[in-house]
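This report covers selected secondary structure elements of one protein model. The sequence and structure are shown first.

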Amino acid sequence: MSTTLESPPQPAEKKVEETEVGNYFVSNYPPFSFWKPDQVPVVEGVLARPAPTDVPLGVYFHIPFCRKRCHFCYFKVYTDKNAAEIKAYIDAGMREMERFAKQPYIAGRKAHFVYFGGGTPSYLSVPQLKDLTSRMKDLVSWDGAAEVAFEAEPGTLNEKKLTGIREVGVTRLSIGVENFDDHILESNGRAHRSGEVDKAYHFARTLGFEHINIDLIAGMMNETWENWKDTVAKGIALGPDAVTIYQMEVPYNTTIYKQMREEGKETAPVANWQTKRDWVSYAFDEFVKNGYTVTSAYTVVKDPERIKFIYRDALWEGADLLSCGVASFGHLGGVHYQNQAEVGPYMQAVDAGQLPIFRAYETSHEERFVREFILKLKLGHSEFGYYQEKFGEDPLKFFAPQLNYLQSEGFAQLTDKDITLTRDGLLQVDRLLHDFFLPQHRQYARYT
């Protein structure tokens, strides 16, 4: 491993003021555009190894179905599948998981955490959900799992559905509220309305979920300062255990971008970046006044000692993730992988007795160090000794130009032992993290 980056970082670009098409959000490293089909056999090699004894295992299942496609959504989702087609998809997912579960690397391991993402996992009926989870547990045990997380769309949640979700063992329920204004929800393509949030949240509270999170988005189309303050106030009034606040991006494969292209526009019809940062900063301040703690660039938590997000934290620290379902992302033995992005090729591969993996990337020791450092910097604080012990690398030397830049621009406070991001740095951390990429990953980096 080298002791510092070979080239100094490019000067950080001027603050992006207008929201244009593209992704800044750093969800993994190296970026997905570097994952290639010719590395898929490496995953097979990992699966043939003995199971590790010191790496936690997570299980992810992807539900690609929704009632309606949001205008800002860039995931592959299906809004036209009937019950028979959904059953066929679940059957395929279980055949995929069964194939994984028989491999030496997975066989006999228990899941430390489980995550249902989408799409809309709560789109499934209670019988479909119970069938799915029962079969998953038979393949990879959840006994003793520290967290079972589940994404939900408010309009799909009634008392029967929420009771079923709780009964299958979900501990962390994440409700996609996004905004409390019905006009904003409608104009952004959301299927639910604000009244459904209140009903779902309050009934969920009676069921004893250990952790209820709500998602908000700063900068949806037609958002205003007045509305945002009202949304924050209503979020505080609900009193969730945690709140995740994203800043609106407009990726290429969204309805919003398609409209921009047809109209020949380069600027998206949403707030500029500084306004979105101001809105999130305001939300952070208001939640802190009401007893919450800012725990990352996107989250406030009411009781940080009790409420953890195990899925996120384990993945950032390099846990294995057995991921099943169309377009899902996994990580096994230091190798990233993604499944086929369309249902057709995905199910054809499963039916042929193959793993439906589309592309993969075998990370090096150096890349795993960079990955963990940049992802955990989103938490706002890092101690360098941790990386020296785990990777034998000193971030203070390796990232010297980048860290000094953050300090000189007022984005961070730096000592010889740690770094702490300022509020200004935290709110634009994803833009700043691109300078921490290894030189070969700075160009053509895309998170799609």
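The text below describes a sheet with its packed helices, then a single helix. The model is predicted.

Three strands form an open sheet in the order 13-15-14, paired in the antiparallel sense. Strand 13 (381–383) and strand 14 (412–414) are the edge strands; each has a single partner, so one side of each lacks a neighbour in the sheet. From one strand to the next, the twist averages 10°. Three bridges join strand 14 to strand 15 (residues 418–421) in antiparallel pairing. Ala412 lies opposite Leu421 of strand 15.

Two helices that pack on this sheet are listed here with the strands they touch.

| Helix | Residues | Strands touched | Angle between directions |
|---|---|---|---|
| Helix 12 | 365–377 | strand 13 and strand 15 | about 140° with strand 13 |
| Helix 15 | 400–408 | strand 14 and strand 15 | about 120° with strand 14 |

**Helix 3**

Helix 3 (residues 126–139) has 14 residues and spans 20 Å from its first C-alpha to its last, close to the 20 Å expected at 1.5 Å a residue. Its buried residues are Val126, Gln128, Leu129, Leu132, Thr133 and Met136. These cover an arc of only 155° around the axis, and therefore lie on the same side of helix 3. In general, an α-helix has 3.6 residues a turn, so residues three or four places apart point the same way.

The buried residues of helix 3 pack against strand 1 (57–63), helix 2 (83–101), strand 2 (113–118), strand 3 (147–152) and helix 4 (159–167). Exposed Pro127 and Asp138 are on the face of helix 3 turned away from its buried side.

Terms used:
Residues are numbered from 1 along each chain as its sequence is written. This is a predicted model: local features need pLDDT of at least 70, side-chain atom pairs count only at pLDDT 80 or more; totals for chains, interfaces and linings use all residues. Side-chain values use heavy atoms; hydrogens and water are left out. Two strands pair if DSSP finds at least two bridges between them. Helices (H or I, at least four residues) and strands (E, at least two) are DSSP runs, numbered from the N terminus. Axes are lines fitted to C-alpha atoms, for helices over the stretch in contact, and angles run from 0 to 180 degrees between N-to-C directions. Contact means heavy atoms within 4.5 Å. The expected span of a helix is 1.5 Å times one less than its number of residues. Buried means under 20% relative accessible area, exposed over 50%, partly exposed in between (1.4 Å probe, protein chains only). The arc is that of the directions from the helix axis to the C-beta atoms.
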